[in-house]
Amino acid sequence: MTKRWWKESVVYQIYPRSFCDSNGDGIGDLNGITEKLDYVKELGADVIWLSPVYQSPNDDNGYDISDYQAIMEEFGTMEDFDRMLAAAHERGIRILMDLVVNHTSDEHKWFVESRKSTDNPYRDYYIWRPARDGGLPNNWGSCFSGPAWEYDDTTDMYYLHLFSKKQPDLNWDNPKVREDVFAMMNWWIDKGIDGFRMDVISLISKEPGLPDGIPGLNGYASECVSANGPHVHEYLQEMRQKVLNNADTMTVGECAGVTLEEAKKYTRSDEKELNMVFQFEHMDVDCDPAVGSKWSRQKMDLVRYKEILTRWEKGLEENGWNSLYIQNHDQPRCVSRFGDEGEYREISAKMLATCNHMMQGTPYVYQGEELGMTNAPFGGIEDYRDVESINAYHELIAQGKFTEEEMLALLRYRSRDNARTPMQWDDTENAGFTAGTPWIMVNPNYTFINAEEQVKREDSVFHYYQKLIRLRREKEIIVYGTYDVLLPEDENLYLYTRTLGEEKLLVVCNFSACGQKVDIPAEFLQGKILIGNYSDVSVRETAVLRPYEAFVIEK
Ligand code: GLC
Ligand code: CA
C-alpha cells in the first residue's frame, strides 16, 4: 500500500458560523477560528476542513455561493482569511476548502446573467427546461422539499435546483462551466490552500434526457437520481489534470448515492480522481426502511452497521481509501444518536470514537464531537434555522404525513441544527461562543459540557480523542493495517482486528447500555491495552463488558 500524508492525517471540521465569534455579532468568524487554532493543535488534528466561508446570501448557510473568490462579510475579509491560513500553516495544520460546485447561489453573477434571456452567454451555465404537459419538466424533488424545478417567467422556463430554490444546479456538460470552475480552484491553490472537500460532487453529471426517478416520502424523486452520472468520472479526471495535480492536494468527495463499486472509481489507487469519498450508507442505518427517509425514529441496527462498514473497509482496502466519520454539520450529534445522552454520555462518546478511529481510513472529527456534545432541546419551529428542517416541517405536515407534534419530535432528533448549535468553549454566558446574541440557540448543557472543563480534566472525552490521535501517529498499524470483523451477527458488540505483518490489534466495543459477555481470542490474552474508556481493564479469556465499554488490545 502506498503511504500518503492524507492517509496519516486526522481532519477537524469547522462550521465557521458556529465555532467562535470574535466581534460580538453572534456569528462565528475567521478571526475566531484563528484564535482557536491552538486548541485544534492541542487536540492533535493536522488538517482543518472549513465549511464554506465564501460570499453567500446564506439561504443554506454558505452552501449557496454568490462569489467563489470573496469572503462572506459576516465571516471577515480576505486578509482575515490569509492570516488564518498562515497561522494554520505555522502550526503544521493544513486547510481544506469546501468546494460547492454542483450549484451556485441564484445571486451568483453567472445565474443573474443566465436567467435574463435564452441567448445570454451564461444561459447554458445552468439547466433550463420548458414545461412538460403544462407542468414540471420531470418528477425530481429538491433535497429541501418540493420539486427540483423553479419556474422563471422571464423566459417562461424552469431551472433545476436539487437543493433550495436559491441553489440552481450548474451544467457541467458545458465546457465553459468546467473551465471557470477549474480556474477558480487554481486561484485557491495558488493562495496555498491544501485541498478540497467537494460538496455533493457525485451529482454533477445529470442523466441525458433527465428521466423521472422513483418517488420518495413526499412524492418526488430524491436528489440521488443524479448520483454517479454518465460523465462524473471523466469530469473529475479532467479536474485532476487541470487543477489537483498542480499541488500536493488532499481531496474528499461528498458522494451522495455512492455505491462501493462507484467509490472504487472515484478513489482509485492510481490517484486519477479523488483521494477518498464520504459515503452515506452507515448514516442511513436509522432511516425509515420503507421509503428511505431520514424523518424517522428508527433505531440503528448494529448488525447492519457492521455489515456496511465491513464491506467498505474490505472493499477499499487495496483499491482506494476510506474516510471515517460518525458526525458532521448535516447529521445529528452522534452520542444522541448512537450512544447515550445521559448517564453514559462520556463513556459512549469514547466508545463511538474508538470504533471509528481504529478503522482503516482517515478520521474526521466534527467540532464539539471531541467534547461529547449532544443534540439540543429545541422547542417550536421558531428555534430552528436550517432550510431543510423548516421546509420539511411545513411540507410533511401539509401533506398529512406527520402531525405538528410528531414532526417537532423528528426534528429534535434528526435536524441538522443539532450539529450547528454553538461550540461550547466554557461555562460563561453563551458558552463563551459570543459576547452578543447567538444566531442559533446555545445548548444549555454548556454549563457542564465545555472545552475549558475538558481540557483541564485528564479523563475527559477531549483527552480520549487526543490519545486516539496520538496513537495513530505512533502506530503504523492503525493507519495501514488491514481490517477484519469478528462476530458479525452479534447485536450488541462490535469487534474487529487490524493486522500489519506480524502485528495485530483487537478492537472491542459494546454498543449497548447492558453488560455483555465476550470471549477474547487466545492470541490477545497476553496483550497490552492501548486505550480504553474504563480505567481498570484487564484482559481475561471471558470478559464481561460494562455499558458502552470499549478497549483496544495490542497482541
Ligand atoms: C451538502 C452539504 C450540505 C448542503 C448541501 C447542499 O450535502 O454538506 O450542508 O446543504 O450539500 O450544498
Ligand atoms: Ca462575528
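Buried means under 20% relative accessible area, exposed over 50%, and partly exposed in between, with a 1.4 Å probe and protein chains only. I note that Glu271, at 22% relative accessibility, counts as partly exposed.

I am working with a predicted model, where local features need pLDDT of at least 70, side-chain atom pairs count only at pLDDT 80 or more, and totals for chains, interfaces and linings use all residues. Residues are numbered from 1 along each chain as its sequence is written, and side-chain values use heavy atoms, with hydrogens and water left out.

I searched the whole structure for salt bridges (a side-chain nitrogen of Lys or Arg within 4 Å of a carboxyl oxygen of Asp or Glu) and found 43.

I looked up Glu271 again and found its side chain in a salt bridge with that of Arg4, at 3.0 Å from N to O. Arg4 sits in the segment before α1 (5-8) and Glu271 in the loop between α8 (260-266) and β11 (276-278), 267 residues apart. Helices (H or I, at least four residues) and strands (E, at least two) are DSSP runs, numbered from the N terminus. Arg4 is partly exposed, with a relative accessible area of 30%.

Next I checked Lys166, which meets Asp106 in a salt bridge of 2.8 Å, N to O. Lys166 lies in the loop between β8 (157-160) and α6 (175-191) and Asp106 in the loop between β5 (94-99) and α5 (109-114), so the pair ties together parts 60 residues apart in sequence. Asp106 is buried at 12%, whereas Lys166 is partly exposed at 22%.

Last, I recorded a network of salt bridges that links Asp60, Lys294, Asp330, Asp386, Glu388, Arg416 and Arg420.

Terms used: Chains are lettered from A and ligands numbered from 1 in the order in which they are written.
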